[in-house]
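Trainee: I have a structure open and a list of things to ask about. Can we go through it together?
Mentor: Go ahead.

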Amino acid sequence: MTGGPAADEDLPMRTEGQRVRTSKRVENVTYAVREVVDLAHQAAAAGRDMIYLNIGDPCQFDFRTPEVVVDAIVRALADGKTGYAPSDGVPEALQAIRRDAEVRKGIRSVRHVLIGNGASEPIEILLTALVDPGESVLIPSPGYPLYSAILAKIGARAVSYDLDEDAGWQPDPQQIARLADGTTRAVVLIHPNNPTGSVASRATLESVLEVAASRRLVVLSDEIYDRMLLDPVEFVSTASLRDDVPIATFGGLSKVWLGPGLRMGWSILSGPAVAVEPLHEAMMRLARARLSASHPVQWAIRPALEEAHTHIDDVNARLRSRRDLLVRELERIPGWSLVPPRAAFYAFPRVEIGVDDETLVRELILEHGVVLVHGSGFGQLPGTNHARIVFLPPDELIAEACRRLADYSAGRG
Ligand code: PLP
């Protein structure tokens with residue numbers, strides 16, 4: 001054999017301490033939410049009392065997964081549901097997701113549902129099935145960093161469109177139209193949005209869908225926070241507005257059902273059957289190759305969607321009061337300003353105290369023990385500085401964190 005890579009025995013032995021060469025693909029994969037944790041652990045090891053406001057995990061605080069969900073998983077385990085599941089998901093769960101999509105979310109043209117390990121997996125499966133290396137996807141800035149991480153991994157380009165802070169963080173459909181070119185395959189909506197807590201209006205969604213229809217883009221609508229509404233704001237599921245555009249709607253048990261560690265989510269493909277079918281087939285190739293999502297946890301999906309409703313009002317009431325406290329406290333700190341979040345459990349204040357966002361986050365962790373995530377980890381307009389604050393913790397912790405933010409800001413003034 002000539003021209004191929006050298007056989008192992010031809011290579012010099014790896015000397016002790018020699019580093020393994022890793023793939024170029026992962027060099028641009030970043031995920032700010034967990035990357036601040038190493039620094040926080042250093043501060044904790046040095047004896048600092050830490051307040052973690054960096055990760056959107058309700059179970060770290062006083063929220064518990066509803067009993068019906070936990071009981072259904074325990075029952076499934078006891079019933080021996082520990083073999084592989086079908087690659088798309090167990091029929092009972094698939095039907096429940098479809099019913100919920102049609103009846104509650106108002107999506108009329110549901111074609112296929114795929115259950116995955118968290119919403120993250122179907123999002124990755126969809127982007128991998130849809131986008132070739134070199135092609136691009138429009139993603140919101142600021143926005144949850146999973147999308148840019150997956151696109152980096154598959155060799156595709158993430159092109160950011162801005163959410164307008166002065167317009168309550170709404171997307172600008174005209175900018176989306178301007179950015180879409182011959183390489184663009186899809187536009188991502190995160191609705192309600194992480195990290196801003198904004199909810200896209202019906203008019204905005206209609207305009208984005210018009211752009212998608214005219215440019216033949218697939219729409220990804222990440223609606224994992226769809227029932228965590230803190231104001232009497234209208235929430236419209238993107239796919240309920242049009243049947244002639246291929247749309248993937250994402251949901252899961254991580255947020256509304258307070259179970260991020262269950263790793264259970266789904267995608268709902270809707271739109272014209274002819275358009276959607278090849279995408280579904282490509283997704284199923286990938287889904288089959290990874291066998292199935294966790295089997296016992298899928299048995300919690302129908303009970304979650306159909307029986308576990310009462311906790312949602314209680315969760316939203318607690319989040320509303322924590323949001324209000326955070327907004328009140330931040331308003332009192334010079335240099336901090338905030339578009340009040342209307343959904344989910346994140347605030348994304350703008351910070352104008354003469355320090356860039358990465359320095360702000362590093363110093364807050366090391367000197368004050370408050371763990372936030374820098375705005376650039378989600379995307380922000382050049383020249384602006386933001387930080388994401390999770391307002392899941394009880395009042396005492398939010399108030400204490402705000403005291404420390406005020407001390408830090410005063411120290412810099
Ligand atoms: N989409 C958004 C907008 C999120 O904020 C998150 C998690 O924070 C996810 C998806 C990931 O969801 P899952 O835990 O179900 O993988």
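Trainee: Which strand does Gln170 lie in?
Mentor: Gln170 is in strand β5, which covers residues 170-171. Keep in mind that this is a predicted model.

Trainee: Is Gln170 buried or exposed?
Mentor: Gln170 counts as buried, because its relative accessibility is 16% and the cut-off for buried is under 20%.

Trainee: What lies 3.0 Å from a polar atom of its side chain, the one of Gln170?
Mentor: The backbone nitrogen of Ser201.

Trainee: And Trp169, where is that?
Mentor: Trp169 is in the loop between β4 and β5. With a relative accessible area of 4%, Trp169 is buried.

Trainee: What is the phi of Trp169?
Mentor: Near 65 degrees, which is a positive value in a residue other than glycine.

Trainee: Which other residue has a positive phi, near 70 degrees?
Mentor: Leu291. Leu291 is found in the loop between α9 (273-289) and α10 (295-298). Its relative accessible area is 41%, so Leu291 is partly exposed.

Trainee: Switching to peptide bonds. Which bond has an omega near 5 degrees?
Mentor: The one from Ser141 to Pro142, and that bond is cis. Pro142 is in the loop between β3 (136-141) and α6 (146-153).

Trainee: What joins Asn194 and Pro195?
Mentor: A cis peptide bond, with omega about 20 degrees. Pro195 lies in the loop between β6 (184-190) and α8 (202-215).

Trainee: Which side chain does the side chain of Asn194 make a polar contact with?
Mentor: That of Arg388, at 2.8 Å. Asn194 also comes up at the ligand, being listed among the residues that come nearest.

Trainee: OK, ligand then. How many residues are around the ligand, and which come nearest?
Mentor: There are 13 residues around the ligand, and Ala119, Ser120, Asn194, Asp222 and Tyr225 come nearest.

Trainee: What classes make up the shell around the ligand?
Mentor: Six residues are nonpolar, four are polar and three are charged.

Trainee: What is 2.7 Å from an oxygen atom of the ligand?
Mentor: A polar backbone atom of Ala119. For Tyr225, a polar side-chain atom lies 2.6 Å from a ligand oxygen atom. Arg263 places a polar side-chain atom 2.8 Å from an oxygen atom of the ligand.

Trainee: How much of the ligand's accessible area does the protein cover?
Mentor: On its own the ligand has 400 Å² of accessible area, and the protein covers 94% of that.

Trainee: Which pocket does the ligand sit in?
Mentor: The largest pocket.

Trainee: Back to the fold. Where does Ser160 lie?
Mentor: Ser160 lies in strand β4, residues 157-164. Ser160 counts as partly exposed, because its relative accessibility is 39%.

Trainee: How many residues apart in sequence are Ser160 and Thr196?
Mentor: They are 36 residues apart in sequence, and 15 Å apart in space, C-alpha to C-alpha.

Trainee: What about Asp357, which helix is that in?
Mentor: Asp357 is in helix α13, residues 357-368. At a relative accessible area of 5%, Asp357 is buried.

Trainee: Last one, Ala32. Which helix does Ala32 lie in?
Mentor: Helix α1, residues 32-35. Ala32 is buried, because its relative accessible area is 4%.

Trainee: How many residues apart along the chain are Ala32 and His374?
Mentor: They are 342 residues apart along the chain, while their C-alpha atoms are separated by 7.6 Å.

Notes. Residues are numbered from 1 along each chain as its sequence is written. This is a predicted model: local features need pLDDT of at least 70, side-chain atom pairs count only at pLDDT 80 or more; totals for chains, interfaces and linings use all residues. Side-chain values use heavy atoms; hydrogens and water are left out. A residue is near a molecule or strand if one of its heavy atoms lies within 4 Å of it. A polar contact is a pair of N or O atoms within 3.5 Å; within protein, one must be able to donate a hydrogen and the other to accept it, and residues adjacent in sequence count only if both atoms are side-chain atoms. Accessible areas come from the Shrake-Rupley method with a 1.4 Å probe; for residues, only the protein chains shown count as cover. On a 1 Å grid over the protein atoms alone, a cavity is a set of points where a 1.4 Å probe fits but cannot get out, and a pocket is an open set with protein on both sides within 12 Å along at least five of seven lines; lining residues have an atom within 4 Å of a point. A molecule sits in a cavity or pocket if more than half of its atoms lie within 2 Å of its grid points. Ala, Val, Leu, Ile, Met, Phe, Trp, Tyr, Cys and Pro count as nonpolar, Asp, Glu, Lys and Arg as charged, and the others, Gly among them, as polar. Helices (H or I, at least four residues) and strands (E, at least two) are DSSP runs, numbered from the N terminus. Buried means under 20% relative accessible area, exposed over 50%, partly exposed in between (1.4 Å probe, protein chains only).
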